[in-house]
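Thanks for making the time this morning.

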Amino acid sequence: MTRNWIKLHPNQKIGRLELVGIAYKRNSRIFWHVVCQCGMKKVVSANSLSRRLSLSCGCLRLERLRKVMTTHGLSSSLTYQIWQHMLQRTTNRNSKDYKS
């Protein structure tokens, strides 16, 4: 299995992360100070960066999750609220406005 590792240097961008500098070394492992596009600062292992396992501070994951979970994004619109209340009046027997 070949390793497609990236050589790391300051000011390099990997995904949404920009490498600032080496934070520290521990047991022959190197950790980098990084800044995400959203402004979050983190310390990430060089291994995660060079193998592209870390691409953001976590904001990318949240963005993708929000996009997947959003059906249409119009649930706060007046039209949707009117439709929702109409549906409640006609189908929910516990609604005060329900008429049988």
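I will go through the sheet, then the core, then the pocket, and finally a few single residues.

Before anything else, please keep in mind that this is a predicted model, and that the values I quote are computed from it.

Let me begin with the sheet, which is open, has four strands in the order β1-β2-β3-β4, and is paired in the antiparallel sense. The edges are taken by β1, residues 13-14, and by β4, residues 41-45, each of which pairs on one side only.

Going along the sheet from β1, the pairing of β1 with β2 is antiparallel and rests on two bridges, and within it I14 has L17 as its bridge partner in β2. These two strands form a hairpin with two residues between them, and in that turn G15 has a positive phi of about 65°.

The next pair, β2 with β3, is joined by eight bridges and is again antiparallel. Here K25 stands opposite I30 in β3, while L17 has C36 in β3 as its bridge partner. W32 has V44 as its bridge partner in β4, and H33 stands opposite V43 in β4. β3 and β4 also form a hairpin, with four residues between the strands, and G39 in the turn has a positive phi of about 105°.

Nonpolar side chains in soluble globular proteins tend to be buried together. In this model the largest nonpolar core has twelve residues, namely L8, I14, L17, L19, W32, V34, C36, V44, A46, L49, C57 and C59. The elements that give two or more residues to this core are β2, residues 17-26, together with β3 and α1, and the largest share, three residues, comes from β3.

Coming back to L17, one of the residues of this core, its contacts beyond four places in sequence are Q12, V34, V35, C36, L49, S54, L55, S56 and C57. Q12 sits in the segment before β1, and Q12 is buried, with a relative accessible area of 12%. If we leave aside the neighbours of Q12 within four places in sequence, Q12 is in contact with I6, K7, L17, E18 and L19.

Now to the pocket. Which residues line the largest pocket? The lining consists of W5, L8, S28, R29, I30, W32, S45, A46, N47 and S50, and the volume of this pocket is about 150 Å³. By type, the lining divides into five nonpolar residues, four polar and one charged, and β3 and α1, residues 46-50, each supply at least two of its residues.

One of the lining residues is S45, which lies in strand β4. Is S45 buried or exposed? Its relative accessibility is 18%, and S45 counts as buried because the cut-off is under 20%. Apart from neighbours within four places in sequence, S45 is in contact with I30 and F31. For a sense of distance, S45 and V68 are 23 residues apart in sequence and 29 Å apart in space, taken from C-alpha to C-alpha.

Finally, I would like to turn to backbone angles. Most residues other than glycine have a negative phi. N27 is not a glycine, yet its phi is positive, at about 50°. N27 lies in the loop between β2 and β3, in a hairpin that has two residues between the strands, and N27 is exposed, with a relative accessible area of 69%.

R52, another residue that is not a glycine, likewise has a positive phi, near 60°. R52 lies in the loop between α1 and α2, where α2 covers residues 59-69. Is R52 buried or exposed, or does it fall in between? With a relative accessible area of 43%, R52 is partly exposed.

To close, the points I would keep are the open antiparallel sheet of four strands, the nonpolar core of twelve residues, and the pocket of about 150 Å³, all of them read from a predicted model.

Definitions and conventions:
Residues are numbered from 1 along each chain as its sequence is written. This is a predicted model: local features need pLDDT of at least 70, side-chain atom pairs count only at pLDDT 80 or more; totals for chains, interfaces and linings use all residues. Side-chain values use heavy atoms; hydrogens and water are left out. Two strands pair if DSSP finds at least two bridges between them. On a 1 Å grid over the protein atoms alone, a cavity is a set of points where a 1.4 Å probe fits but cannot get out, and a pocket is an open set with protein on both sides within 12 Å along at least five of seven lines; lining residues have an atom within 4 Å of a point. Grid points are joined across faces, edges and corners, and a volume is the space filled by probe spheres set on the points. Ala, Val, Leu, Ile, Met, Phe, Trp, Tyr, Cys and Pro count as nonpolar, Asp, Glu, Lys and Arg as charged, and the others, Gly among them, as polar. A nonpolar core is a set of buried Ala, Val, Leu, Ile, Met, Phe, Trp, Tyr and Cys residues joined through side-chain atoms within 4.5 Å. Buried means under 20% relative accessible area, exposed over 50%, partly exposed in between (1.4 Å probe, protein chains only). Contact means heavy atoms within 4.5 Å.
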